[in-house]
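User: I would like to go through this structure with you and ask, for each term you apply, what it rests on.

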Amino acid sequence: MEAEELRFESGDEECAGWLFRPPAPDTGPSPCVILGTGASCVYDQGLARFAARFAQAGLAAFAFDYRYFGRSGGEPRSLMLAGRQRDDWRAAIRRARSLDGIDADRIALWGYSLGGGHVQSLALTEPEVAAAICVAPVVDGTRSLLHMGGIRHVLRLAATGLRDGTRALRGVEPYCVPATGPPGSLGVLNSPDAQPGFEAVTPPDSSWRNELCARAALAPPYRLARKTKRIACPILYCITEDDDVNPPELGKRAAQRAPYGELRLYPGGHFDPFQSDLLAQMSADQIGFLTRALIAGSSGQG
């Protein structure tokens with residue numbers, strides 16, 4: 001299925017987005033799912049695989065790259081700041097709601113890994129969000145880093161963050177660390193499955209770079225575990241039970257606390273949602289959830 005590339009403003013930069021429309025909508029404006037990915041990830045690492053399935057099921061899907069990553073604008077490259085990425089989500093919501101053939105009152109968010117953290121945060125603050133899906137999500141950023149590499153990993157990243165923060169104040173080139181690497185390395189995601197997972201989902205012509213500006217380690221981490229009880233829209237948590245990046249138990253408890261939360265558990269690790277077998281099962285579950293939440297008018301309460 002072909003996607004239409006659309007660019008939209010976020011802050012002083014432009015984000016790249018890709019719109020998948022249903023093949024033959026004949027029931028009026030379509031609900032729309034907005035898809036965003038993890039910390040350093042980009043569109044071509046798997047978002048289209050989910051977006052195309054949503055469109056085939058009758059849901060428009062709008063996937064995008066964050067500023068400073070992929071085909072979006074912004075300097076320095078590989079700058080990951082959660083607040084700015086949430087602003088990119090808000091800009092994507094505005095763009096989707098402005099499109100012809102899109103029902104502005106039926107907008108859902110779909111986020112993977114750190115994107116799942118953004119989605120939970122936005123579900124708490126943005127009333128136009130009608131439903132949300134989190135895939136292998138961040139719930140507590142510090143707990144995720146400890147889950148991967150222990151306290152030494154957290155301290156080493158904090159030290160590099162100070163180094164890069166100082167460089168930012170001086171206006172010089174950023175100090176970057178690898179986005180992923182083997183266990184014990186300075187890669188932000190350094191669990192046993194992380195580097196092989198990136199290699200498995202990254203095509204040869206990808207715009208992804210294995211780097212992040214280290215100042216990201218200085219930002220306040222997500223601590224969403226107890227906040228999900230205030231999420232007022234239907235929200236689906238898709239948790240991979242062998243995830244060695246984000247602790248699965250945190251996602252399970254977050255789903256249980258959300259008033260309209262649903263939980264689906266899957267075998268496999270953090271990157272397996274983008275592999276064929278799990279992708280088919282997970283996307284089918286998500287289409288069922290979105291149909292209830294956006295089309296059938298169900299509350300989605302699980």
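Analyst: A residue is called buried when its relative accessible area is under 20%, and exposed when that area is over 50%. This is a predicted model, and the reasoning below applies to the model as it stands.

User: Why is aspartate 103 called buried?

Analyst: The relative accessible area of aspartate 103 is 18%, and the limit is under 20%, so aspartate 103 counts as buried. This residue is found in strand β5, and, leaving out residues up to four places away in sequence, aspartate 103 touches Pro29, Ser30 and Pro31.

User: What makes the pair of aspartate 103 and arginine 106 a polar contact?

Analyst: The side chains of aspartate 103 and arginine 106 are joined at 2.8 Å, while the definition asks for a pair of N or O atoms within 3.5 Å; the pair is therefore a polar contact.

User: How do you know whether glutamine 85 is buried or exposed?

Analyst: Its relative accessible area is 2%, to be set against a limit of under 20%, so glutamine 85 is buried. Glutamine 85 has its place in helix α2, and, with neighbours within four places in sequence set aside, glutamine 85 is in contact with Ala39, Tyr66, Phe69, Met80, Leu114 and His118.

User: What makes β1 and β10 edge strands?

Analyst: The sheet is open and is formed by eight strands in the order β1-β2-β4-β3-β5-β6-β9-β10, with mixed pairing. The strands β1 (4–10) and β10 (261–266) each pair on one side only, and they are the edge strands. Neighbouring strands of this sheet are turned against each other by 20° on average, with direction ignored.

User: How do you know that β2 and β4 pair?

Analyst: Pairing requires at least two bridges, and four bridges join β2 (residues 13–20) to β4 (residues 60–64), so the two strands, which run antiparallel, are paired. Within this pairing, glycine 17 stands opposite phenylalanine 64 in β4.

User: Which helices pack on the sheet, and what do they touch?

Analyst: Helix α2 (residues 82–98) packs on the sheet and touches β1, β2, β3, β4, β5 and β6, its direction making about 125° with that of β1. Helix α7 (residues 276–295) also packs on the sheet, where it touches β3, β5, β6, β9 and β10, and its direction makes about 165° with that of β6.

User: Why is β9 described as largely enclosed by the rest of the structure?

Analyst: Six of the six residues of β9 are buried, which is why the strand is described as largely enclosed. In a regular strand the side chains alternate between the two faces of the sheet. In β9, Ile235, Tyr237 and Ile239 point one way and Leu236, Cys238 and Thr240 the other way, and all are buried. As for its partners, four bridges join β6 to β9 in parallel, with valine 135 opposite cysteine 238; six bridges join β9 to β10, also in parallel, and isoleucine 239 has leucine 265 as its bridge partner in β10. Together with helix α6 (residues 248–257), β9 and β10 make a right-handed β-α-β unit.

User: How do you know that the buried residues of α5 line one face of the helix?

Analyst: The buried residues of helix α5 (residues 194–201) are Ala194, Gly197, Phe198 and Val201. Seen down the axis of α5, these residues fall within an arc of 100°, so they line one face of the helix. Their cover includes α1 (47–56).

Notes:
Residues numbered from 1 in each chain as written. Predicted model: local features only at pLDDT ≥ 70, side-chain atom pairs only at ≥ 80, totals over all residues. Heavy atoms only, no water. Axes fitted to C-alpha atoms, helices over the stretch in contact; angles between N-to-C directions. Contact = heavy atoms within 4.5 Å. Buried < 20%, exposed > 50% of the residue type's maximum accessible area, 1.4 Å probe, protein only. Right-handed = clockwise from strand over helix to strand, strands pointing away. Polar contact = N/O pair within 3.5 Å; in protein donor to acceptor, adjacent residues only side chain to side chain. Arc of directions from axis to C-beta.
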